[in-house]
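My notes follow in the order I made them.

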Amino acid sequence: MSGHEKVLWKRPDHPDSYIPPDSFLSSLRKNPNFHPYTYWELVPLSFAVTQHLATIFVFLSAFVHLKEGTLDPRTLVWITSVCFVLGYLVWEIQDYTSGSSALWRVDRVKHLKSSILIFLSLMSLSPVLKTLTAATSSDSIWALSACLFILHALLADYGSTTPYAHAQERLTSVLSMNAAISSSVVLASRLQEDLAVFSLILFSVQVFALFPILRRRFQHSHLIARVFLTISLMAASLLLTVSLSRSVTLLYLLVFVFVTLVAPGALVWAQKYKNEIRGPWDVAVPKVD
């Protein structure tokens, strides 16, 4: 029995499930592929989720301000345009520092044409989008928008990409963006002015289509830059909401604290309950030389 071997090229004398009694627990391993995390290692990893939720809250606040007339649509268009230019400059700087700007210089003209086409398309479709849900009650619109934003947050890609990697978008990331844009369209249909509809849809493209790409690049930047971006988005969402509802502002703050500080601690606490057992009873893995 002591000479029993688990090999594929010999005819065994025992069934495949046979384990020698003297070696049953000798190969027992617990959590062989487990990598324990520390609290301060997980906190920076939660920044991507916090930033994404903050952008959703900023968009919702901008919509409410537009609907109540406390935000001029022209101001939102200018803010969106300035943010687009700043984001593009950051993108170019990251490409330049990584040495990959020469590979993408040819596409800049195509990107500029695409941006102008999207801008003109949204401007021409604004009158149509304003009357898109005219026959639908507001309660149905709020419920549909909430479900789409929840789907958007669940399917979003919270990973990272290097500045020189231009990988294809994942299916879940595309579905997440489509859910956010669809929710933005149904919300914009409740606005009264064509310019307000145009400004909100333009802002949604900026926030839900372009910013996530830049945010994934930021995951490889310095920790100070990621902390600054996270705090800036959190502060923007809270400042835009505090004039609308203090209770909602408090809810946003609790969500930020839970995602950024409490959830990593809960994951570290739950690590002690991980107990994966490996042994000779597992399915044999062939080793090919």
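I started with α2 and α5, which are roughly antiparallel to each other (angles over 145 degrees count as such). Helix α2 covers residues 47–68 and helix α5 residues 138–155; they pack at about 160°, with axes 11 Å apart. Axes here are lines fitted to C-alpha atoms, for helices over the stretch in contact, and angles run from 0 to 180 degrees between N-to-C directions. I noted the crossing as right-handed, meaning that the near helix is turned clockwise from the far one by less than a right angle. On the α2 side I listed His52, Leu53, Ile56, Phe59, Leu60, Phe63 and Lys67, and on the α5 side Trp142, Phe149, His152 and Ala153; contact means heavy atoms within 4.5 Å. These residues divide into 8 nonpolar, 2 polar and 1 charged. In that count Ala, Val, Leu, Ile, Met, Phe, Trp, Tyr, Cys and Pro are nonpolar, Asp, Glu, Lys and Arg charged, and the others, Gly among them, polar.

The model is predicted: local features need pLDDT of at least 70 and side-chain atom pairs pLDDT 80 or more, while totals for chains, interfaces and linings use all residues. Residues are numbered from 1 along each chain as its sequence is written, and side-chain values use heavy atoms, without hydrogens and water.

Next I looked up α8 (residues 223–242) and α9 (residues 246–270), whose axes come within 8 Å and cross at roughly 165°. This pair is therefore also roughly antiparallel, and its crossing is right-handed. From α8 the contact takes Met234, Ser237, Leu238, Thr241 and Val242; from α9 it takes Arg246, Val248, Thr249, Tyr252, Leu253 and Phe256. I read the split as 7 nonpolar, 3 polar and 1 charged.

Then I turned to Ser184, in helix α6 (residues 171–188). Is Ser184 buried or exposed? Ser184 counts as buried because its relative accessibility is 0% (buried is under 20% relative accessible area, exposed over 50%, partly exposed in between, with a 1.4 Å probe and protein chains only). A polar atom of its side chain lies 2.8 Å from the backbone oxygen of Ala180. Beyond neighbours within four places in sequence, I found Ser184 in contact with Phe59, Leu200, Ile201, Ser204 and Phe208. Phe59 is also listed in the α2 contact with α5.

Last, I noted the overall picture. The protein has 9 helices and 2 strands, taken as DSSP runs (H or I, at least four residues; E, at least two) numbered from the N terminus. Of its 289 residues, 35% are buried.

Note on methods: Polar contact = N/O pair within 3.5 Å; in protein donor to acceptor, adjacent residues only side chain to side chain. Parallel < 35°, antiparallel > 145°, perpendicular 65-115°, else oblique.
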